[in-house]
Amino acid sequence: MITELSFGNFKSWKRVEKMRFAPITGLFGTNSSGKTSILQLLLMIKQTVESTDRLQVLDFGNEKSPANLGSFREVIYSHDTSGALDWNIRWKLNQRLVVKQPDDKKAELFSGDEIGFQVEITENEKRRLLVNDLVYSFADRSFEMRQKSGGYELTVNPPADFRFIRTRGRKWGLSAPVKCYGFPNEVNARFQNAGFLSDLQLAFERLFEGVKYLGPLRDYPKRQYPWSGAEPADMGQRGERVVEALLAAKEKGAYLSRGRGSKKETLEERVATWLKELRLISGFSVEPVAKEGGGNIYRVKVRRNPGSPDVLITDVGFGVSQILPAIVLCYYAPAGSIIILEQPEIHLHPAVQAGLADVFIDAVKTRNIQIIFESHSEHLLRRLQRRIAEKAITTDTTALYFCESSNGASTLKPLNLDLFGRIENWPKDFFGNPFEEMALTTKAAIERKKEQQAA
């Protein structure tokens, strides 16, 4: 789980310092306020980790990528290519990392359950990206790889009880990092006791391989869905693989639990439960077209209310197909995953938008996942506030922010919630001004009545 993020010179953000992340992290604000850019930074890192090009410092994506960012010039603040892009991210490990002594595998050198990573990247006159330095911090010390004449230098701080031991005859500098976060292969050849650095790098890769993304634009529902037996990693950017995920979970015979003493459910049953609780429909199932003859074509059937017949998902309100990928992803993603959602409330009734907050709370509690979302939904926020007041969640479980932009520069404002769910620093006109709207409506109604009486 990501616990903290600092970054500088990314798109409309000049600087963000120590942004706290929680199991439920939400970004609110007006259009073009910079909300999506924070998600794009995380997605850009994910794309870089998953890129097959080890020499590519950053993967800015293309039209098929979650984040299509163009080039360094397009992401650097104010398009000033003389500036440096940097970020510092901290995350909690799903399992404690232990580093052993190189010459005594039974002796523990140091251990910890939280890691930090920071990097600074610039572009040279040939438009080539350079990693000036990268640092992994772990167990009260940091391992730094910094650029110097002739290559890169590897150091540890503080060096009190540990130092890197060079292999004899290998005094030349190290080559450039792999991508923007990896130590070059020759590290292990140059130093006798640097093998554990690959564990830190692997932890970084696992963190971003565990990031699952669902975009704001979802696929239209279909009358039929083919499935060849594939087990998708996520729902796809538009939720296009949601039926495949449901079928793959059914094939595996996976069950979900909401805690000790609760009834176990299949993924399909959990989805049906939520759709019913959200009062969208009363029944949900995925069935093969040819029940007897097998085949790989399936239909999604729903029941509007208990007394109505089953119909295809294409024959009910659009909201069902739009919320379906979000619900499925929350329960399909492996434990420890980080789910990024853009505008999950799109095409949903206000009551369902509020209920989506309850989906997030349940998934975080029962699945050990982290949900990071950006939204315009007042109803979703109000439900989170209510659940804090009701003690269903705590203020530590949530990290909510308001983003705003002035003169092209974005600023981040943490929303301070008290134990009663009240926002102590409510931004002006956060969701417009409802009182002003009511006052003006009342004033207009009075004027019209006067006109009618005068006539």
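**View 1. The side chain of Y331 makes a polar contact with the side chain of W274, at 2.8 Å.** A polar contact is a pair of N or O atoms within 3.5 Å, where, within protein, one must be able to donate a hydrogen and the other to accept it, and residues adjacent in sequence count only if both atoms are side-chain atoms. This is a predicted model, in which local features need pLDDT of at least 70 and side-chain atom pairs count only at pLDDT 80 or more, while totals for chains, interfaces and linings use all residues. Residues are numbered from 1 along each chain as its sequence is written, and side-chain values use heavy atoms, with hydrogens and water left out.

**View 2. Y331 lies in helix α7, where helices are DSSP runs (H or I) of at least four residues, numbered from the N terminus.** With a relative accessible area of 3%, Y331 is buried, a word that stands for under 20% relative accessible area (1.4 Å probe, protein chains only). Leaving aside neighbours within four places in sequence, the residues in contact with Y331 include L256, L267, R270 and V359, contact meaning heavy atoms within 4.5 Å.

**View 3. K46 is found in helix α1, which covers residues 35–50.** Although K46 is a lysine by its letter, what matters for this view is its accessibility, and at 10% K46 counts as buried. A polar atom of the K46 side chain lies 2.8 Å from the backbone oxygen of V211, and, beyond neighbours within four places in sequence, K46 is in contact with F208, E209 and V211.

How values were computed:
Helix = DSSP H or I, 4+ residues; strand = E, 2+ residues; numbered from the N terminus. Buried < 20%, exposed > 50% of the residue type's maximum accessible area, 1.4 Å probe, protein only.
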